[in-house]
Number of protein chains: 2
Amino acid sequence: MIGVVCLNPALDITHHVAAADWAGVNRPSAVHARPGGKGLNVARTLHAIGADVLVLGLAGGITGTGVIDGLAGLGVPATWTRIGGETRRTFTVVDQAAGGSALFSEPGPPVGDDELADFGVAYKEALDGCTAVVLSGSLPPGLPPDTYAGLIALAAAAGVPVVLDAHGEALLRGAAAGPAIVKPNLAELEAITGRPLSGAGWPAVAAAAGELRAAGAQAVVASLGADGLHAVTGEGSWRAVPPGPVAGNPTGAGDAVAAALAHGLALGRPWDERLRHAVALGTASAAAPVAGEFSHDDYARVLPAVAVHRDGAG
Amino acid sequence: MIGVVCLNPALDITHHVAAADWAGVNRPSAVHARPGGKGLNVARTLHAIGADVLVLGLAGGITGTGVIDGLAGLGVPATWTRIGGETRRTFTVVDQAAGGSALFSEPGPPVGDDELADFGVAYKEALDGCTAVVLSGSLPPGLPPDTYAGLIALAAAAGVPVVLDAHGEALLRGAAAGPAIVKPNLAELEAITGRPLSGAGWPAVAAAAGELRAAGAQAVVASLGADGLHAVTGEGSWRAVPPGPVAGNPTGAGDAVAAALAHGLALGRPWDERLRHAVALGTASAAAPVAGEFSHDDYARVLPAVAVHRDGAG
């Protein structure tokens with residue numbers, strides 16, 4: 001079983017309007033509300049590829065109930081710790097005439113020490129049955145930046161490897177706790193190192209990834225959009241590149257990569273196969289309009305076309 | 001007790017953003033969620049002026065629970081009929097840099113015949129304790145346009161006078177069922193009569209109101225924004241004009257007028273006093289940023305300054 005931690009899930013509400021009036025009254029032609037946030041996207045992707053997954057999350061208020069009910073409706077198993085605050089919403093307006101969209105993202109609820117302690121009890125219980133854990137997404141306001149580091153230490157004590165997908169201080173402190181894999185994107189690596197990396201080439205990315213390894217992460221998989229993945233691990237370095245340019249939804253792509261890395265870790269796949277699946281699933285998810293969804297046909301089609309190179313090898 | 005029917009309430013969600021990016025990602029600095037819809041604004045106003053009020057509404061899903069909890073938190077008594085559909089949301093983005101706002105208004109849930117029948121049972125029970133009933137706001141999709149007419153007939157059978165604030169077919173069919181008062185605004189009168197009325201003068205408005213009386217309404221109170229109210233009743237016609245221009249929130253103003261008219265009806269106030277209170281409460285509510293709220297000081301200050309004229313009288 002793969003445990004997926006969702007400390008700051010969201011109810012993603014989308015309104016489709018024929019032509020948005022940003023200074024007036026709009027009557028959407030279609031309204032969708034679905035569970036979201038990076039952790040839940042990872043969990044939905046794992047569920048869709050047939051992995052045994054358990055969401056471990058915090059949820060509160062009516063919006064938390066909406067997230068819980070929505071995820072249950074999708075058949076994804078979950079253990080929720082109820083909190084007193086209100087789970088956040090995101091609100092997206094899709095402007096069909098302009099072809100664009102606007103996103104409004106609420107910050108998330110306060111979480112009390114006692115509520116985090118309750119979560120810790122559920123998390124420790126679940127670790128017994130886990131072959132891997134994914135920690136993904138932002139922390140709600142008020143939770144300390146070493147929250148993920150604490151969860152990684154608990155997993156290490158239980159012998160369970162962790163994939164960490166976070167940013168900023170939560171990523172830095174989490175890396176220091178020794179997770180099996182951290183999965184930063186280029187912007188996250190730039191924020192950590194303070195150096196511009198876009199267009200800087202593979203060696204610069206490898207050096208930045210090396211810093212996160214030096215900080216404590218066992219392996220660093222940098223996700224570089226259309227340039228694929230660059231892995232720096234204790235067994236060597238790899239590059240995995242998709243067959244063509246990746247258009248579409250970068251949030252969904254990053255979450256799918258995290259899902260595939262955890263799946264490969266749980267299955268004990270070697271690094272080259274782990275990365276091949278991660279690129280294929282990320283590419284298929286980028287092509288889907290909704291994060292956490294993808295076409296199985298796309299996944300199967302891209303998989304054999306991913307180019308995986310070992311640095312310093314043939 | 002004044003019964004206030006809310007067949008299509010809403011959870012009004014407001015995001016305040018420093019400077020909206022209508023093509024990108026926004027992180028609101030403040031988020032509010034409160035029960036809304038015209039009926040609930042009327043009920044909150046009646047509650048705030050100390051009237052004994054009972055909301056009779058339909059609510060479903062997590063958003064319905066949000067409306068129920070929110071109204072209970074405001075101390076407004078309510079009897080809810082739960083439905084299978086999801087109560088609607090409205091979403092307002094307040095753009096602090098531009099000083100404007102955009103509203104996205106969901107259509108509301110489907111309502112089944114059995115659910116409307118359940119509501120009818122609760123409504124008939126409540127009528128026994130009512131001195132007046134307010135029917136206000138849009139009908140959710142799927143409810144027939146004679147829904148208000150049916151509720152007016154039930155009230156008439158119980159000897160309870162009704163204030164109807166609706167538009168289009170629901171207003172026309174409702175008027176035919178003989179409510180004590182219908183309260184159209186200028187746009188609603190124009191839609192009913194098919195004639196432009198803005199700037200057309202009192203005789204044209206009086207003629208349009210006369211058509212609604214001829215259709216069956218016992219009295220018609222047309223709300224004309226800054227020009228106040230024009231009442232055409234079986235006892236004569238009145239004009240009631242606020243002391244100065246009314247700026248602000250027209251939705252809140254119209255709902256406050258409906259609340260005051262029902263309150264005056266329940267108290268047996270004569271028409272001139274009924275209209276004086278309606279204009280004062282409408283003016284105070286227009287000045288408040290949130291529909292259903294007003295300053296008691298504004299209400300008390302405007303009340304003696306309202307000019308009430310009886311047509312054809314000194």
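Predicted model: local features only at pLDDT ≥ 70, side-chain atom pairs only at ≥ 80, totals over all residues.
Me: How many residues of chain B are in contact with chain A?
Reply: Happy to start there, taking contact as C-beta atoms within 7 Å. On the chain A side, 22 residues take part. Their counterparts in chain B number 22.

Me: Which element gives the largest share of the side of chain A that touches chain B?
Reply: The elements giving two or more residues to that side are strand 3 (25-26), helix 2 (61-73), strand 7 (88-95) and strand 8 (100-105) of chain A. By class, the side has 12 nonpolar, seven polar and three charged residues. The largest share, five residues, comes from strand 8 of chain A.

Me: In which sense do strand 8 of chain A and strand 3 of chain B pair?
Reply: Good one to check on the structure above. A:L103 has B:V25 as its bridge partner, and A:F104 stands opposite B:N26. Over two bridges, the sense of the pairing is parallel.

Me: Which strands are the edge strands of the open sheet of five strands?
Reply: The strand order is 4(A)-2(A)-7(A)-8(A)-3(B), with mixed pairing. An edge strand here pairs on one side only.

Me: What angle does the direction of helix 2 of chain A make with that of strand 4 of chain A?
Reply: Helix 2 of chain A packs on this sheet. There the helix touches strand 2 (10-17), strand 4 and strand 7 of chain A. Its direction and that of strand 4 of chain A make an angle of about 85°.

How values were computed. Residues numbered from 1 in each chain as written. Chains lettered and ligands numbered in written order. Contact = placed C-beta atoms within 7 Å. Helix = DSSP H or I, 4+ residues; strand = E, 2+ residues; numbered from the N terminus. Nonpolar A, V, L, I, M, F, W, Y, C, P; charged D, E, K, R; others polar. Pairing = 2+ DSSP bridges. Axes fitted to C-alpha atoms, helices over the stretch in contact; angles between N-to-C directions.
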